[in-house]
Amino acid sequence: MRITITAPLKSISVLSSPEKDLTFLPRDEISDQVLDRHLTGQEAPNIWIAQSKEVKYSQLKLWREAMPGEMLGIMVADLDSYAELKSLGGNYGIQVWPFDEKGVTDLPGVLETAEGMYQTLAAANSAELISRRRSDLSKGSVLLAGAGIVNLITAHALQRAGFRVRIADAGPDPRTCDDWSLLGVTSGGGNARMFTLTEADNYNEKGSDIYQNMFSIFRETARDGGWSVREPGTFSLPELAWVDAFESIPAWRARIYSENIFSLNRESGDLWQALRKDCPVLFQQVELCDDILRMYVETNAVGAAIELNRGLGALLRETNLNEFLADFPRFQAAREMNELAGGITVKGFTLNVHGFMARLIEDILGNGGEFLWETRVDGINRNANGVVQELNSGGLRLKADHYVISPGVGGNQLLAGTASENLIQGVLGVWLQIPNLKPELKNSIKIHRRGHLVEDINVTIAKDAKTGEDILIFGGGYGYVGLERPREDSPELAALFDELEEVARIYFPEGYAAAKARNSFYPQGRKYCIRPFTPNGLGVFEVLPAQENGLFIITGGHNTGGFAQSPVVARAVVNALAGQSDPMHLRFHPARGNHKLESVTRSQRTLS
């Protein structure tokens, strides 16, 4: 989204640095020629924030002709200007600036309203498709591509809403497969998942005391202090565009994205509680554990985390360092090594996700669902108007009334020609486990270590699925792989594994020593999963037409929060098929903050 401001807004100091996607044209420098060149040039905006008098019909016409198919909107200062522009007609949105109770407007408020306007414009086609469903509320069949946690929770919700479901997945049945490398991110990763209200973090935060100096984090390898396990010189054009899109998001927009994520997390938390109440059998014998400890190495991060979690209503217990160590004396050694500055207790829960998924699968099967294992969806058949007719898997034709695909990182080829194309790319995390020795840890933990190779670590209470032993599962790290898989001999990947072992040694020295004595870390104890990330921190929810008034829905890209947000994703899917609006339909529309990726995709098609 690009914004041009020709209105006399004075509070420009809100901007911490110059922004590529925000252009100010001073009133005393504006002429018809200047505006014409700007509205038809490379920096032409999606949103024009105007006073009103400088807006002419001829310019609107030039602007639309220069940007066919783009979402365009104008914000003006008063209702008279709004009515005048409305009377001119044209394919663009119009909105009045926001004013506070004193009749004053400021730049932050205007920018936030502009971003909301862009959301609405971007999702207009989706909203129209969804609204058509109100005239046809037959339940029908839904084919889901991908059997990760998001689609399993979605399939479960669809069944409860009266739909028939089939789930196709490229991998084998995870209940009987012992080779994690053949499975997807949920089944192939560690047997642990966590819900807190800050999952699916937006790492675009500028000026954050928790995530600092993030601007070029993906252009440096892990061993050089960055978040990439690939050499940046090897990035493809779509990968470079993804990194550039991450870097281009300004602080004010990143703040809006974070608020969107936290809002959906709160809603998802309520849905998780409802699911625990309504379907308790799903949560039996999965090591369900409530309340999360959050530990920090930096003092300023402790204060920032207290403020954030208190604001979200997540803070259960705030303690100073001495009080925290009195409650958890096992971490005294970490304090003496300057590896602990403080800790708090927040709302949340963890569970062993592989057992939870097995129960979900069995429940879906028991209610008439069908699974097609080792069935990779490799194509989407559409007619000349772009309406989805069926999915392909090799020579197998898969038909349903509706389709929901959550392809993860490996399914990007399915997204060709959609707004989500190239948007979901991979950032891997690494896993290991140690025994949970007596006195056993009773709460799962989040550890934040800014400036280390592995910055964020979840430590989850679990049981070994094969031996029944009480264990702690460590998962963490960020390693950008883009649209590829990492080399098995990657020194950056090895460095992440070594650092995660060091975290285990620092905070759980006895358990670490026991695991080391068993030689359980390398090679068989090392596994990774490739998380589906987006550059703006938001997930993806895209709606396209399917035949006979059906819908084709793309979900995914939830960064580190797929498990946490899965119930709210499921709700958004059910609402779409019921012809009802949902906050996610706007907030996770792929057009938000994605114009750089779209321009690269258009360039690739032109070259081909």
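The largest cavity has a volume of about 40 Å³. By cavity I mean, on a 1 Å grid over the protein atoms alone, a set of points where a 1.4 Å probe fits but cannot get out. Points are joined across faces, edges and corners, and a volume is the space filled by probe spheres set on those points. The structure has one cavity of 30 Å³ or more.

Before I go on, this is a predicted model, where local features need pLDDT of at least 70 and side-chain atom pairs count only at pLDDT 80 or more, while totals for chains, interfaces and linings use all residues. Residues are numbered from 1 along each chain as its sequence is written, and side-chain values use heavy atoms, with hydrogens and water left out.

So what lines the largest cavity? Asp201, Tyr203, Asn204, Phe218, Trp242, Phe246, Phe533, Thr534, Pro535, Gly537 and Asn559 do, where lining means having an atom within 4 Å of a point. By class that's six nonpolar, four polar and one charged. For the classes, Ala, Val, Leu, Ile, Met, Phe, Trp, Tyr, Cys and Pro count as nonpolar, Asp, Glu, Lys and Arg as charged, and the others, Gly among them, as polar.

Now the pockets. A pocket is an open set of points with protein on both sides within 12 Å along at least five of seven lines. The second largest pocket holds about 1,200 Å³ of space. It has 38 lining residues, and His354, Gln433, Ala465, Lys466 and Lys527 are the ones nearest its centre. Helix H13 (353-366), strand E17 (425-435) and strand E20 (470-482) are the elements giving two or more residues to that lining. Those names come from DSSP runs numbered from the N terminus, helices being H or I with at least four residues and strands being E with at least two. By class, this lining has 16 nonpolar, 12 polar and 10 charged residues.

On to the cores. A nonpolar core is a set of buried Ala, Val, Leu, Ile, Met, Phe, Trp, Tyr and Cys residues joined through side-chain atoms within 4.5 Å. Buried is under 20% relative accessible area, exposed is over 50%, and partly exposed is in between, with a 1.4 Å probe and protein chains only. The largest core has 58 residues, and Leu158, Trp272, Phe356, Phe541, Ile553 and Phe563 touch the most other members. Helix H16 (residues 562-577) gives the most to this core, at 10 residues. Take Ile553: skipping residues up to four places away in sequence, it touches Tyr403, Val404, Ile405, Phe541, Glu542, Val543, Val573, Ala576 and Leu577, contact being heavy atoms within 4.5 Å. There's also a second, separate core of 42 residues, and Cys289, Val409, Ile457 and Tyr512 are among its members. Cys289 is buried at 9% relative accessible area.

Cys177 is buried, with a relative accessible area of 17%.

Most residues other than glycine have a negative phi, and most peptide bonds are trans. The bond from Lys438 to Pro439, though, is cis, with omega near -5°, and Pro439 sits in the loop between E17 and strand E18 (444-448). Glu287 has a positive phi, near 55°; you'll find it in the loop between H9 and strand E9 (289-296), partly exposed at 26%. Asn338 also has a positive phi, about 60°. It's in the loop between helix H12 (332-336) and strand E11 (342-351), and at 57% relative accessible area Asn338 is exposed.

Two more residues and I'm done. Leaving aside neighbours within four places, Thr460 contacts Ala192, Thr350, Leu351, Ser444, Ile471, Leu472 and Ile473.
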